[in-house]
Amino acid sequence: MHLLIPAAGMGRRMGSSRNKLLLTLLGKPLIFWTLQAAAASRYINWIGIICQLEDLPDLKAIVEEMTLTKPVQFIQGGKTRQESVYNGLQALPDNAHHVLIHDGARCLATPDLLDRCAEALQKCQGLIAAVPVKDTIKVVDRTGLIKDTPDRSHLWAAQTPQGFEVQLLKQCHETGLKSGWVVTDDAALFEKCRLPVRIVQGEETNLKVTTPVDLAIAQYILHQRQGTGDKGQGDKGTR
Ligand SMILES: Nc1ccn([C@@H]2O[C@H](COP(=O)(O)OP(=O)(O)OP(=O)(O)O)[C@@H](O)[C@H]2O)c(=O)n1
Ligand SMILES: C[C@](O)(CO)[C@H](O)COP(=O)(O)O
């Protein structure tokens, strides 16, 4: 299974002056933990790290220090996550028929989650890891007035990995580019192309480290895991 790791963001919401994936968690760069899960996955056999040129020296040093046994390719990121993934798809080896796309910022995802998504992708064209929403969600207009309260039983919070048949996702990205679609996850392109996307039960701990509070939460979760010797078998979450 081929894995693309979008890692080319600027970390604006983190308020960081550098790529947040280079910030440290338990003494290691945040992306170290993402790569460690990919290295421990039974299915992943190729890793593409999509990054900005300015981060390449740091990322190369991290990968070299990890002495990963799986091939790692560095791919030029874009101005948006959508553009970065587009670039990643163009860089996939010709023998890549399926791909998992996993945010570098989701450093707590376990090898078990990666493998469950890889297994599920053998039986469908597109999928995402997701967890049921626990809060009541409101649709609010520009003036701050609530317009709707969707039925929570139908609401799931999308995570990554997201997995797809490569040729179909490439076509959806091309259509999106021509149509001017702006999306925040790849599944949205599949959906706009009326292609099926299935849900794989994600993990409550699979948060996207976006703000400083997320960094503190991630530090706590990692510390707990290290303390229990838990290799991160994941918590599939409960409804
Ligand atoms: N041009 C971009 C923007 C984001 N990402 C990656 O997509 C993932 C999810 O993006 P996000 O959490 O939004 O990261 P940032 O864009 O860095 O955060 P912000 O929006 O706060 O700047 C991250 O692993 C990020 O590195 C990317 O590869 N290329
Ligand atoms: C892909 C994603 O992680 C699914 O929840 C999310 O859409 C990424 O959003 P971001 O604004 O690029 O962090």
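What percentage of the 239 residues of the protein chain count as buried? I found that 37% do, where buried means 20 or more other C-beta atoms within 10 Å of a residue's own, exposed means 12 or fewer, and partly exposed lies in between, with C-beta atoms placed from the backbone.

**Basis of the entries**

I worked on a predicted model, in which local features need pLDDT of at least 70, side-chain atom pairs count only at pLDDT 80 or more, and totals for chains, interfaces and linings use all residues. Residues are numbered from 1 along each chain as its sequence is written, while chains are lettered from A and ligands numbered from 1 in the order in which they are written.

**Overall form**

I looked up the secondary structure and found 7 helices and 11 strands in the protein chain. Both are DSSP runs numbered from the N terminus, helices being H or I of at least four residues and strands E of at least two. The radius of gyration is 17 Å, close to the 18 Å that the globule rule gives for 239 residues, so the chain is as compact as a globular protein of that length. That radius is taken over C-alpha atoms, and the globule rule is 2.2 Å times the number of residues to the power 0.38. I noted that the C-alpha trace spans about 50 × 40 × 35 Å along its principal axes.

I then looked up contacts, counted where two C-beta atoms, placed from the backbone, lie within 7 Å. Among contacts between residues at least 6 apart in sequence, 75% join residues at least 24 apart.

In what order do the 7 strands of the open sheet stand? I read the order as 5-4-1-6-10-7-11, with mixed pairing. Strand 5 (72-76) and strand 11 (198-201) are the edge strands, each pairing on one side only. Neighbouring strands of this sheet are turned by 30° against each other on average, direction ignored; the axes are lines fitted to C-alpha atoms, and angles run from 0 to 180 degrees between N-to-C directions. Two strands pair if DSSP finds at least two bridges between them.

I followed strand 10 (residues 156-165) on both sides. Strand 6 (residues 98-101) pairs with strand 10 in the antiparallel sense over 4 bridges. In this pairing His98 stands opposite Glu165, and Leu100 stands opposite Gly163. Strand 7 (residues 126-132) also runs antiparallel to strand 10, joined by 6 bridges, and here Ala130 stands opposite Ala158.

Not counting residues up to four places away in sequence, Gly163 touches His98, Val99, Leu100, Cys117, Leu121, Gly126 and Leu127.

Pro161 lies in strand 10 as well. I found a cis peptide bond between Thr160 and Pro161, with omega about 15°. Most residues other than glycine have a negative phi, and most peptide bonds are trans.

**Positive phi**

I noted two residues other than glycine with a positive phi: Leu26, near 50°, and Thr67, near 45°. Leu26 is in the loop between strand 2 and strand 3 (28-29) and is partly exposed, with 13 other C-beta atoms within 10 Å. Thr67 is in the loop between helix 2 (56-66) and strand 5; Thr67 is exposed, with 7 other C-beta atoms within 10 Å.

**Ala7**

I located Ala7 in the loop between strand 1 (2-6) and strand 2 (24-25). Ala7 counts as buried, with 28 C-beta neighbours inside 10 Å. Leaving aside neighbours within four places in sequence, Ala7 is in contact with Leu21, Ile31, Ile49, Ile50, Cys51 and Gly104.

**Ligand shells**

For the shells, a residue is near a molecule if its C-beta atom, placed from the backbone, lies within 6 Å of it. I found 23 residues around ligand 1, the closest being Pro6, Ala8, Gly9, Arg12 and Arg13. By class this shell has 8 nonpolar, 8 polar and 7 charged residues. Ala, Val, Leu, Ile, Met, Phe, Trp, Tyr, Cys and Pro count as nonpolar, Asp, Glu, Lys and Arg as charged, and the others, Gly among them, as polar.

Which residues lie around ligand 2? I listed Arg81, Asp103, Ala158, Gln159, Thr160, Thr184, Asp185 and Lys208. The classes here are 1 nonpolar, 3 polar and 4 charged. Strand 10 gives the most to this shell, with 3 residues.
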